[in-house]
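Please consult the sequence and structure shown here.

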Amino acid sequence: MVSKDEVIACPVNRGTWEEVAENFRITWDLPHSFIEPDGKHIAIRSPNTGTMYHNYKGFFSFVTVALVDGDYKFMWIGICGLGCQSDAQIYNKPDLKECLENGR
């Protein structure tokens, strides 16, 4: 059995973030980049909660967000949002935004 800490490693100090940024620059020719967050709507059955889980694509969902490095390795994964929320609303949730801004 493999634990998440052996598979998913989010940098916790400036030096490690700089290594990730350098990898992005070399691999993808993207200077000054270190992560590429992306969200994915996961379809669900209607939870009978009105429109909270109904997304702009026309179905019910919740949103997972992942941060990956230049090698497509996961650094952070979260079930972060309701289907009706925008990317900005999801990013501004404290668990993701504070971790990125405070280096956790």
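Just after H2, aspartate 29 adopts a positive phi of about 55 degrees. The model is predicted: local features need pLDDT of at least 70 and side-chain atom pairs count only at pLDDT 80 or more, while totals for chains, interfaces and linings use all residues. Residues are numbered from 1 along each chain as its sequence is written, and side-chain values use heavy atoms, with hydrogens and water left out.

- H2 spans residues 14-28, where helices are DSSP runs of H or I with at least four residues and strands are E runs of at least two, numbered from the N terminus.

**Two faces**
- Trp17, Val20 and Phe24 are the buried residues of H2 (buried: under 20% relative accessible area; exposed: over 50%; partly exposed: in between; 1.4 Å probe, protein chains only).
- The face of H2 turned away from its buried side bears the exposed residues Glu19 and Ile26.

**Tryptophan 28**
- Tryptophan 28 lies in H2 and counts as partly exposed because its relative accessibility is 40%.

**Tyrosine 53**
- Tyrosine 53 is located in the loop between strand E1 (36-43) and strand E2 (61-68).
- Its relative accessibility of 22% is why tyrosine 53 counts as partly exposed.
- Tyrosine 53 and glycine 81 are separated by 28 residues in sequence and by 8.8 Å in space, C-alpha to C-alpha.
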